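Let's take a walk through this two-chain model, starting with each chain by itself and then turning to where they meet. Have your viewer ready.

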Amino acid sequence: MREVITAALLLVGGAFMLLAAVGVARMPDVYSRLSAAAKGNTLGLGFLLAAAVVHFGELGVTSHAVLIIAFVMLTTPVSAHLIGRAAYFIGVPLWEGTVRDDLRGRYDPDTHSLASAPAPSDTGRAPATSASDVGLGDR
Amino acid sequence: MSAEVSPFLSLAVNVVLAMLSVGLFLALGRLVRGPSLPDRVVALELTATLVVGIIVVYDVATRQPVLLDVAMVMALVSFLGAVAFAYYIERGATR
């Protein structure tokens with residue numbers, strides 16, 4: 001019975017990680033690739049570690065697995081946000097089907113700080129199709 | 001130390017290892033194709049997480065719980081690598 005649960009958890013976790021990899025390979029721009037990689041990997045690794053917990057059933061393995069899951073759940077969104085922010089700053093273009101870019105024109109290109117007040121001339125609804133449309137100019 | 005694992009669980013382990021290997025090839029394809037530098041960083045981070053997953057599955061297959069330490073260190077190092085890459089991209093890399 002324990003082996004059946006272990007195998008099921010392993011298969012679900014492997015499927016999620018494979019889906020994350022497919023998302024990175026197939027998604028249209030870097031931001032959606034980041035989204036697919038971050039979420040799929042966190043969930044897939046969580047299932048794989050749950051499989052290890054069920055398989056061993058020891059306190060040491062359980063505490064290790066809980067630590068790794070907590071660490072991954074804390075760090076993956078942070079690193080995904082940092083990479084996405086860096087990509088936005090150097091002007092990586094959004095997908096041409098993007099309908100909304102809330103960050104457009106809000107970042108100060110010199111201080112790298114985010115302005116909270118909306119720019120009066122910009123409703124944020126125009127699709128940004130090229131690097132210069134992202135609102136930072138060529139850097 | 002490597003105790004026997006039943007054929008059923010062994011089959012599941014092999015299937016999952018095959019899935020993760022396919023994922024590694026997809027990440028390699030994204031690493032080669034780019035097109036931008038952050039895309040390659042995403043591919044590297046995906047590779048690191050897939051390797052952590054492979055370590056966990058291998059740990060189940062060989063019944064060696066010590067390998068979970070390796071997985072933890074690998075996750076830590078990949079996070080530091082992603083932060084360093086993001087820092088240097090933001091501080092003036094070219095596309």
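What follows covers the ground rules, then the chains, then the helix pairs between them.

This is a predicted model, so to speak of local features we need pLDDT of at least 70, and side-chain atom pairs count only at pLDDT 80 or more, while totals for chains, interfaces and linings use all residues. Residues are numbered from 1 along each chain as its sequence is written, and chains are lettered from A and ligands numbered from 1 in the order in which they are written.

Start with chain B. It has 3 helices and 0 strands, and reading along the sequence gives α-α-α. Helices here are DSSP runs of H or I with at least four residues, strands are runs of E with at least two, and both are numbered from the N terminus. How does the radius of gyration of chain B sit against a compact globule of 95 residues? The globule would come out near 12 Å, but chain B has 16 Å; the radius is taken over C-alpha atoms, and the globule rule is 2.2 Å times the number of residues to the power 0.38. Along the principal axes, the C-alpha atoms of chain B fill a box of roughly 55 × 25 × 10 Å.

Of the 95 residues in chain B, 38% are buried. Buried means 20 or more other C-beta atoms within 10 Å of the residue's own, exposed means 12 or fewer, and partly exposed is in between, with C-beta atoms placed from the backbone. As for contacts in chain B between residues at least 6 apart in sequence, 56% join residues at least 24 apart. A contact is a pair of residues whose C-beta atoms, placed from the backbone, lie within 7 Å.

Chain A also reads α-α-α, with 3 helices and 0 strands. Buried residues account for 40% of its 139 residues. Among contacts in chain A with a separation of 6 or more, 63% are between residues 24 or more positions apart.

Now zoom in on α1(B). Its 27 residues should span 39 Å at 1.5 Å a residue, and its end C-alpha atoms are 39 Å apart, so the two agree; the expected span is 1.5 Å times one less than the number of residues. Its buried residues include Ala12(B), Val16(B), Leu20(B), Leu26(B) and Arg30(B). What covers the buried residues of α1(B)? The cover includes α1 (2-26) of chain A together with α2 of chain B. After α1(B) comes Gly34(B), with a positive phi near 80°.

On to the interface. In total, 44 residues of chain B are in contact with 48 residues of chain A. On the chain B side, α1 (7-33), α2 (37-62) and α3 (67-90) each supply at least two residues, and α2(B) gives the most, with 15 residues. By class, that side of chain B divides into 32 nonpolar, 6 polar and 6 charged residues. The classes work like this: Ala, Val, Leu, Ile, Met, Phe, Trp, Tyr, Cys and Pro count as nonpolar, Asp, Glu, Lys and Arg as charged, and the others, Gly among them, as polar.

Two helix pairs are worth a look. The axes of α1(A) and α1(B) come within 9 Å and cross at roughly 10°, which makes these helices roughly parallel. Axes are lines fitted to C-alpha atoms, for helices over the stretch in contact, and angles run from 0 to 180 degrees between N-to-C directions; under 35 degrees counts as roughly parallel, over 145 as roughly antiparallel, 65 to 115 as roughly perpendicular and the rest as oblique.

For α2 (residues 30-56) of chain A and α2(B), the axes come within 10 Å and also cross at roughly 10°, so this pair is roughly parallel too. The contact of α2(A) with α2(B) has 15 nonpolar, 5 polar and 4 charged residues. Why is α2(A) described as largely enclosed by the rest of the structure? Because 21 of its 27 residues are buried.

Finish at Ser79(A), in helix α3 (residues 59-89) of chain A. With 22 C-beta neighbours inside 10 Å, Ser79(A) counts as buried. Leaving out residues up to four places away in sequence, Ser79(A) touches Glu45(B), Phe79(B), Ala82(B) and Val83(B).

Technical notes
Two residues are in contact if their C-beta atoms, placed from the backbone, lie within 7 Å.
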